[in-house]
Amino acid sequence: MKASRKSHVPRGGRPRGGWPARDSLDNFLKVVSGVIPLLDSVKESLEESTGSIPKASRQLDNVTKATESATVEILDLLERMSARVDTLGKAIVGVRAASREGEIRLAAMDALIAPLAMSNPEVHARWCEFRKSPGCLALPASLDAEFDALRTDTMNIGMALQVQDITTQQIAGVSHMIESIRMNLAEVLQSFSEGERTSPPEQTKSRPADPNGRFNGDAEYSRMPDRQEDADEIVERWKRGNHA
Amino acid sequence: MATTKFLIVDDSLTMRRIVINTLKSIGFENVIEAADGKDAMAKLLSEGAEFLITDWNMPEMSGLDLVKWARASEQFADMPILMITTRGNKDDVIEAMKMRVNNYIVKPFTAPGLKEKIDQILKSVGAGAA
Ligand SMILES: [Mg+2]
């Protein structure tokens, strides 16, 4: 190599220390020829990633829609259940009233039968037996508590469905984030293509609107009362005129 | 049965139904609804309401902008307004109070919590509680 190079040396001879500029250029060209396929593959994988982002966004959208329709179905059922619970509640009130009425009638019967029962042990025994029969018992007192618990549970299932609004906002936050990433990737891809470098990339013209207002990506589903207590404290201080 | 007419504003159908069901369970049956601030403005102007319960984050027009509009109007300047939102930061609560909401609930809310706030507001504006 050295010898052949020497044979092409111009009249002044080989500079002392070799051919640094030419060696560097050779090395640079080698690096560039290695980098070009690498850049091509980076571009390819960027294109692939950018292309799959809309699909990911659509999938997130589908999750939101599916969750919403499931929630609507549950709410429909709960509303029907609540209506039935109310109907049952009214029926129980009716039974209680009838039972009270029955007690009054039985008391009147007691008064009528007492003289007969005193003289006839068999009438007395039969009457006592009848008074003990289940048909003469009032509804158990615990039924009201059970019934209230059923109503509260139905209500609480409905309240827990607030999670759907909260997760929808969280998903909207993630969608917004991945859309921003897609746009940044699209810009990088645009810069690979020299011809389009002079005009602004198409995607930047339609950046997503400022999400502030549409959703709260930081929404959280917490049953702990502390967030409400903090808000209450701020509201109270505000109302008292202490805005600190 | 309380006759106060409520307007419930939330972009989430689920939330609107939950709030409406809760209101009914505590005795308020007179309720209309809107899906965002713009829709709410139209409903207030066409149908009217005596009590506004609004979400903050909504498309088209946010709850805060709706409150700003209501407070700047002659008709709804003193209307009772309760905000129910996922935004629980101190700055958010203060911003809403600056816009003169009457009270503030952080989602997820509870039925007793909603009742308490409504009763407080109705008491403070001189209307009867449920
Ligand atoms: Mg919302």
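Student: How many residues does the contact take from chain B and from chain A?

Tutor: This is a predicted model, in which local features need pLDDT of at least 70 and side-chain atom pairs count only at pLDDT 80 or more, while totals for chains, interfaces and linings use all residues. Residues are numbered from 1 along each chain as its sequence is written, chains are lettered from A and ligands numbered from 1 in the order in which they are written, and side-chain values use heavy atoms, with hydrogens and water left out. With contact defined as heavy atoms within 4.5 Å, the numbers are 34 residues from chain B and 34 residues from chain A.

Student: What area do chain B and chain A bury between them?

Tutor: The size of an interface is often given as the accessible area lost when the parts come together. Buried area is accordingly the accessible area (1.4 Å probe) that two parts lose on being put together, summed over both. Of the area buried between chain B and chain A, 57% is on carbon and sulfur atoms, and the value is about 2900 Å².

Student: Which three residues supply more than any others of the area that chain B buries against chain A?

Tutor: The leading trio accounts for 22% of the area that chain B buries against chain A, more than any other three residues. Its members are Arg17(B), Thr86(B) and Pro108(B).

Student: With which residue does Arg17(B) form a salt bridge?

Tutor: Side chains of opposite charge can pair when their charged atoms come close. The criterion used is a side-chain nitrogen of Lys or Arg within 4 Å of a carboxyl oxygen of Asp or Glu. Four salt bridges are counted between chain B and chain A. For Arg17(B), the closest N and O atoms are 2.7 Å apart, and the partner is Asp76(A).

Student: Which element gives the largest share of the side of chain B that touches chain A?

Tutor: There are 13 residue pairs in polar contact between chain B and chain A, both residues being at pLDDT 80 or more; such a contact is a pair of N or O atoms within 3.5 Å, where within protein one must be able to donate a hydrogen and the other to accept it, and residues adjacent in sequence count only if both atoms are side-chain atoms. On the side of chain B that touches chain A, two or more residues come from each of helix H1 (13-25), helix H4 (90-98), strand E5 (103-106) and helix H5 (111-124) of chain B. Helices (H or I, at least four residues) and strands (E, at least two) are DSSP runs, numbered from the N terminus. The largest share, eight residues, comes from H1(B).

Student: Is Asp55(B) buried or exposed?

Tutor: Asp55(B) forms a salt bridge with Lys107(B), with 3.3 Å between the closest N and O atoms. Asp55(B) lies in the loop between strand E3 (51-54) and helix H3 (63-72) of chain B, and Lys107(B) in the loop between E5 and H5 of chain B, so the pair ties together parts that are 52 residues apart in sequence. Buried means under 20% relative accessible area, exposed over 50%, and partly exposed in between (1.4 Å probe, protein chains only). Because its relative accessibility is 1%, Asp55(B) is buried.

Student: How far apart are the closest N and O atoms of Asp39(B) and Lys43(B)?

Tutor: Both residues lie in helix H2 (residues 37-46) of chain B, four residues apart, about one turn of the helix. Asp39(B) is partly exposed at 26% relative accessibility, and Lys43(B) is partly exposed at 21%. Their salt bridge has a closest N to O distance of 3.7 Å.

Student: Which residues make the nonpolar surface patch?

Tutor: Patches are made of residues with over 30% relative accessible area and no salt bridge, like charges being joined within 9 Å and nonpolar side chains (Val, Leu, Ile, Met, Phe, Trp, Tyr) within 5 Å. Helix H2 (20-119) and helix H5 (163-192) of chain A each supply at least two residues, and H2(A) gives the most, with five. Val188(A), in helix H5 of chain A, is partly exposed because its relative accessible area is 38%. The patch, of about 530 Å², is made by Val31(A), Val35(A), Leu38(A), Leu39(A), Val42(A), Val188(A) and Phe192(A).

Terms used:
Areas by Shrake-Rupley, 256 points an atom, 1.4 Å probe, with all protein chains shown as cover.
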